[in-house]
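Please look over the chain shown here, with attention to its aromatic rings, its helix packing and its backbone. The briefing that follows takes these topics in turn.

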Amino acid sequence: MTTLRQRKGSKGKEPSPAAELQSQQHNCCSEHHPEKILHGDWSWGAIIWTSVGWSVSVGLGLLCCIYVATLHENDLWFSNIKEVEREISFRTECGLYYSYYKQMLHAPSIQEALKEMIHDNLTESKRTINLLQRMNIYQEVFLSVLYRLLPIQSYLEPVYFYIYTVFSLQAVYVIALYLTAWLLSGSWLAGALTGVWYILNRVDTTRVEFTISLRENWSLPFLALQVAAITCYLRPQLTTLQQKVMVWLMYVTTFCFCLTWQFNQFILLVQALVIYTLDCGDFLTTTRVTTLYLVQVSSLLSVWLLQFCNSMILGSLVLSFIVAALFIRHCQPGVKTGSLVVRLGKVLLHSALVLLLTVTINYLAKKALQLQSDEHIFKFIKSKFALGSTRDFDASLYLCEEAFGLLPLDTLERLAGTLLLYPYILTLLLLCGMLVAAALQNLSRPNRGSTEERKGAREGQVAAFRPDVAYNLLHTLFYGLLAFSTMRMKYIWTGHMCAVAAYGVCGTELWTVLLSALRCNTKLLLRLVRYVVPVVMIGFLYYKFWPKLMEELSELREFYDPDTVELMTWISTKTPKQAVFAGSMQLLAGIKLCTGRVLTNHPHYEDKDLRERTRQVYQVYARRSPEEVYDILKAIGADYVVLENSICYERRHRRGCRLRDLLDLANGHIMDGPGEDDPDLVPATHPRFCDAIKTDAAAYNALFTRTFQNKTFHVYRLKKKRKKNTKGSSEPSVTQ
């Protein structure tokens, strides 16, 4: 088990609040935005102020990058440990992804490396798979090619080129959030506050320092850039050329996001629901809605082509939903006509038709494509909300992990401790009220006859509630609900949460309402509080948390996992290079990275046959006979099986969530230990394999030979069966 140990070493007549709010929103849209110079303001003040804003964004981005890189170094003493220890530190699926970067670099040429990726027979024994089709590893391919071409090999090791690239993306992430807050509020102080909050809430905004290769660490910076591009695209002052530039930026960032994460379709589905809601509330023009949808579709189809026509993309819910939404809207052009009640009824009917058509299209697409790669995700969703069986092995693997549970309340306590939660909630409540009021106003408007009248109505509606604000509000609401339902998804929400809270502090809406309630709402006072309050907050956060950050950065630890190092060293030196290893998904990813041996299964779970194979391999932790386990392992070509005490005798999870319990339930057996069992479960007829094999009983020794063991791991080699010499032989004959 990997552990970290301490290293040795004047007033006029006041306007009404609503009129004042609209006026301040308009001023906010043009006061100090990053694109101000693009609108022709080349004054020295504008140039200096904008330059300072951009400089602060880059500074905060670099600060975040250096911060996480230092934490990574201090936790592992990465610069001082051996290469095998560095590779072991890439835990679980991170090790699998990094192994392809390493494999690309070790290939004789780029052409040979690409050929190995397209025709891979090391990741799954007895199978040849196209890794570029199955997995999202183009980032590893791109980095390996770039490392080969750049003249940096003599002074920068491949592993540092890789991890520094990932840490640099954190700088991009912070800059993107900074720009979003700046665009929304009109003040780069909002961006500065966003960056500070992101860094101080590192525990809840990123986990990059210990899960470097995780796909979300590659993709979320591009999602943040896409949100910034959408925010800019929805602003009313853009020229036609600027709108086209924003559309291309949205496409490029969405494409990069989709290319780097296999769960892109589910994240884009939530975003498509945000766009659909804005369309139903009449906050966006038809052209903008269609453009946003088509950006998503074109990005997904581009990735589909690059991934050798991956059927999982064509069968995705988001594509089905977009096709349904566009088709139903084309067939129902009069949805936004009539009185308020009539229009609400039409919207409800419209939504029901879109939902029905989405389900139908998705069902037919999956049937036509024979797609089953993502069915485990829907099983997980059904089980999570008690809509299906909880005995399904794949669904239970997710349900029993804390990362896929509900968001813990201590997350909110930490966010409140950095003053992030309070302005966020106030901003959310105020904007939600304004959004509902604006939506009802939009739906209550009488029908306009001419195009000019409809355009005028649209401009009035924009002044009432800005589309860019409406998008970001629904974005944080929808992804917030996703985060509360599944803790792992909080990293999509918390970063954007920083930008929304900073917009609340530095924008006009919240302060206009508060100052109007106090009857002191003047432009001078409003501008004063918008600049003074964020500066005071940043000063307070610096005073409170800077010493803690310095203390955190002064803690020096060291990577320490001697048992795993011993196992990897033994495999590398004592087993054939083409040997096939079976075991847990997490361990096998490390074995592939450290030793290059062939695997039976691995953590990239988006394939039905692989999921079934993994369940079969895991029978080594179930109550099965040695003959059954031997036949299973031989059928998938295994030469060695690695058993882990931490799984066989697991105590981390409660009863019913231990891996051995999940296997017992799937096999219909009563679980270990005291507790209630379902009445249809029966006692197993065999002892638990991973424990019984250590007794060296004859039935086990006839089929398996122990070749390595330490405190954590036991490795057994499968013997070769020999033809039976006598018909009455009860034990299989084997050869050494």
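A residue counts as buried under 20% relative accessible area, as exposed over 50% and as partly exposed in between, with a 1.4 Å probe and protein chains only. This is a predicted model, in which local features need pLDDT of at least 70 and side-chain atom pairs count only at pLDDT 80 or more, while totals for chains, interfaces and linings use all residues. Residues are numbered from 1 along each chain as its sequence is written, and side-chain values use heavy atoms, with hydrogens and water left out. Helices (H or I, at least four residues) and strands (E, at least two) are DSSP runs, numbered from the N terminus.

**Aromatic rings**

- Rings of Phe, Tyr and Trp (its six-membered ring) pair if their centres lie within 6.5 Å, and planes under 30 degrees apart count as stacked, over 60 as edge-to-face and the rest as tilted.
- The structure holds 32 aromatic pairs, including the edge-to-face pair of Tyr162 and Trp218, at 5.8 Å centre to centre and 65° between the planes.
- That pair links distant parts of the chain, with Tyr162 in helix H8 (residues 158-185) and Trp218 in helix H11 (residues 215-233), 56 residues apart, and both Tyr162 and Trp218 are buried.
- The pair of Tyr276 and Phe321 is edge-to-face because the ring centres are 5.6 Å apart and the planes stand at 75°; it links distant parts of the chain, from helix H13 (residues 264-280) for Tyr276 to helix H16 (residues 317-331) for Phe321, 45 residues apart.
- Tyr276 is buried, with a relative accessible area of 10%, and Phe321 is buried as well, at 7% relative accessibility.
- Phe90, Tyr98, Tyr101, Tyr162 and Trp218 form one aromatic cluster.

**Charges over rings**

- A charge sits over a ring if NZ of Lys or CZ of Arg is within 6 Å of the ring centre and within 35 degrees of the ring normal.
- Arg86 lies over the face of Phe78, at 5.2 Å from the ring centre, and Arg530 lies over the face of Tyr531, at 5.8 Å from the ring centre.

- Axes are lines fitted to C-alpha atoms, for helices over the stretch in contact, and angles run from 0 to 180 degrees between N-to-C directions.
- Angles under 35 degrees count as roughly parallel, over 145 as roughly antiparallel, 65 to 115 as roughly perpendicular and the rest as oblique.
- Helix H2 (residues 44-76) packs with helix H26 (residues 523-554) at an angle of about 40°, the axes being 9 Å apart, and H2 and H26 are therefore oblique to each other.
- In contact (heavy atoms within 4.5 Å), Tyr67, Thr70, Leu71 and Asn74 of H2 meet Leu549, Glu552 and Leu553 of H26.
- The axes of H2 and helix H9 (residues 188-200) come within 9 Å and cross at roughly 5°, so H2 and H9 are roughly parallel to each other.

**Glu552**

- Glu552 is found in helix H26 and is partly exposed, at 22% relative accessibility.
- Although Glu552 and Leu71 are 481 residues apart along the chain, their C-alpha atoms are separated by 8.2 Å.
- Not counting residues up to four places away in sequence, Glu552 touches Tyr67, Leu71 and Arg202.

**Positive phi**

- Most residues other than glycine have a negative phi.
- Lys126 has a positive phi, near 60°, and is found in the loop between helix H5 (110-118) and helix H6 (131-134), where Lys126 is exposed at 65% relative accessibility.
- Cys309 has a positive phi, near 60°, and lies in the loop between helix H14 (286-306) and helix H15 (311-314), partly exposed with a relative accessible area of 41%.
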